[in-house]
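Hi,

Here is the structure I promised to pass on to you. Have a look at it first, and then read on for what turned up in it.

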Amino acid sequence: MRFLLILAFMFSAIWATEYKLKYWKDGETFSSYLTKNKIDSTKFYSQIDPDDIKFLSSIASKLPFFENVKNGILQEALIPIGEEMQMFISRKKSGEYSFDIVPLKYKIIRDEVSIKIENNCFVDIKKATNNAHIATYLKRVFKDRVDFTKLKKGDIISIKYRQKSIKGLPWEEPIIEAAYIKRGSSEYFALKNKDSYQIWSNKAQVSVVNKTITKEAVYKTFNYPLSHIRITSKFTYKRWHPILHKYRPHLGIDFGAKRGTPIYALSSGKVIYAGWMRGYGKVTKIAHGAGIVSLYAHQSKLLVKVGQIVKAHQVIGKVGSTGRSTGPHLHLGVYKRGKPINPANYIGRSVKIKDSVTSTKSVKIVHNLLKELPIRAKIVYNSLKNSHKKSYRWKSLSGTVEIAVKEKERFKKHATRVQLSNTKGDA
Ligand SMILES: [Zn+2]
């Protein structure tokens with residue numbers, strides 16, 4: 001539909017004097033068209049190349065086409081085939097009609113236009129260029145980013161575009177190559193990139209994207225509590241207790257050492273207990289995070305206080321024999337969330353205290369800011385921003401279009417059918 005509208009717009013202006021815009025009637029055949037115009041169809045068809053016959057039967061109803069009629073007699077008719085070629089029917093001096101398929105000869109006009117809005121942008125751009133389609137296509141470029149109904153007097157629009165032209169008339173749609181809009185304090189800049197436009201603005205454009213975040217597993221190294229290691233009693237659930245004279249679990253490791261030997265924190269952490277604890281005598285408890293606690297019993301001297309942060313290998317006390325003890329030694333316990341575990345699984349090792357966690361998070365991203373324009377875009381942006389150019393004015397045409405009978409052979413190879421877009425137009 002869009003294509004039809006463009007043709008209608010164009011040709012109504014082009015041949016205002018000599019040509020008239022018509023629409024191919026529903027149910028009209030090429031033969032009935034000839035009969036209507038008193039053209040001898042037998043003679044007419046005899047001159048047509050068999051390859052071209054297919055075009056005669058493929059004219060869509062409501063197709064805009066052009067007639068030049070003088071004194072009730074058809075002089076010429078132009079019936080488009082696709083966007084670049086057309087059938088050309090012409091009355092000869094003899095009164096017979098010739099038929100040909102001819103290309104439309106066009107050139108490309110490249111132009112920049114800059115306007116300050118006085119009325120509304122559609123009226124103002126049309127006024128500046130005499131091309132009603134530029135504003136329509138401009139609006140499409142900025143679709144979701146700029147509300148054209150909110151453009152006000154004083155706002156600025158600069159457009160760099162190219163347009164096929166026949167005899168100074170716009171042919172087909174304009175191609176917006178770049179555009180700049182200043183609406184109040186907001187600036188927008190669009191640059192054509194193959195089939196789409198990239199748009200930058202001085203106003204933040206925020207997108208929300210889902211980002212996968214992986215928290216790496218956390219490991220902690222646990223060192224030995226003494227510099228010289230001599231294990232006198234292992235971790236077990238069943239041990240003959242030398243003082244109680246019965247089987248008792250031994251939920252830690254005993255290290256033999258002289259009284260006064262320095263005791264080291266297994267790893268960094270926070271002192272959560274430092275004091276007397278029944279059978280364990282003088283005790284220090286250190287929390288290492290992730291629910292892991294180490295316990296150091298039977299000390300002769302405590303060297304840290306509750307709440308104190310200790311480093312790995314820091315001296316926290318001295319070996320002794322306080323509490324229920326047969327002689328100087330260090331009883332070391334390790335607990336995970338309150339449950340005793342074998343310290344042998346921790347000491348001298350790097351232990352995973354937190355698993356890796358993968359989660360998806362919505363993250364806001366600010367992008368396409370004008371100040372981040374790539375160099376190539378920046379050149380165009382600066383040019384448009386500072387453009388005060390008066391635009392090329394498209395002609396309101398009168399007179400005929402010069403038709404070059406050229407490239408017919410080349411065209412035939414590529415031509416298939418009349419191609420008309422049926423997309424819903426909003427021009
Ligand atoms: Zn013990």
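The protein has 8 helices and 26 strands. Please keep in mind that this is a predicted model. Of its 427 residues, 27% count as buried. Among contacts between residues at least 6 apart in sequence, 66% join residues at least 24 apart.

Let's start with the cores. The largest nonpolar core has 26 residues, and those with the most contacts inside it are Leu138, Ile159, Ala179, Phe189 and Ala190. At least two residues of this core come from each of strand 6 (107–116), helix 5 (121–129), helix 6 (133–141), strand 7 (156–166), strand 8 (169–183), strand 9 (186–193) and helix 7 (375–385). Strand 8 gives the most, with 5 residues. As background, nonpolar side chains in soluble globular proteins tend to be buried together.

Next, a buried residue of another kind. Asp254 sits in strand 16 (residues 253–256). Asp254 counts as buried because it has 21 C-beta neighbours inside 10 Å, and the cut-off for buried is 20 or more. Which residues does Asp254 touch, not counting those up to four places away in sequence? They are Ile231, Thr232, Ser233, His329 and His331. Thr232 is 22 residues from Asp254 along the chain, yet their C-alpha atoms are separated by 5.4 Å.

Strand 9 pairs with strand 10 (residues 196–201) in the antiparallel sense, over 6 bridges. Lys194 counts as exposed because it has 5 C-beta neighbours inside 10 Å.

Most residues other than glycine have a negative phi. Asn130, though not a glycine, has a positive phi near 60°. Asn130 lies in the loop between helix 5 and helix 6. Is Asn130 buried, exposed or partly exposed? With 18 C-beta neighbours inside 10 Å, Asn130 counts as partly exposed.

Happy to go through any of this with you.

Best wishes

Methods. Residues are numbered from 1 along each chain as its sequence is written. This is a predicted model: local features need pLDDT of at least 70, side-chain atom pairs count only at pLDDT 80 or more; totals for chains, interfaces and linings use all residues. Helices (H or I, at least four residues) and strands (E, at least two) are DSSP runs, numbered from the N terminus. A residue is buried if 20 or more other C-beta atoms lie within 10 Å of its own, exposed if 12 or fewer, and partly exposed in between; C-beta atoms are placed from the backbone. Two residues are in contact if their C-beta atoms, placed from the backbone, lie within 7 Å. A nonpolar core is a set of buried Ala, Val, Leu, Ile, Met, Phe, Trp, Tyr and Cys residues joined through C-beta atoms within 7 Å. Two strands pair if DSSP finds at least two bridges between them.
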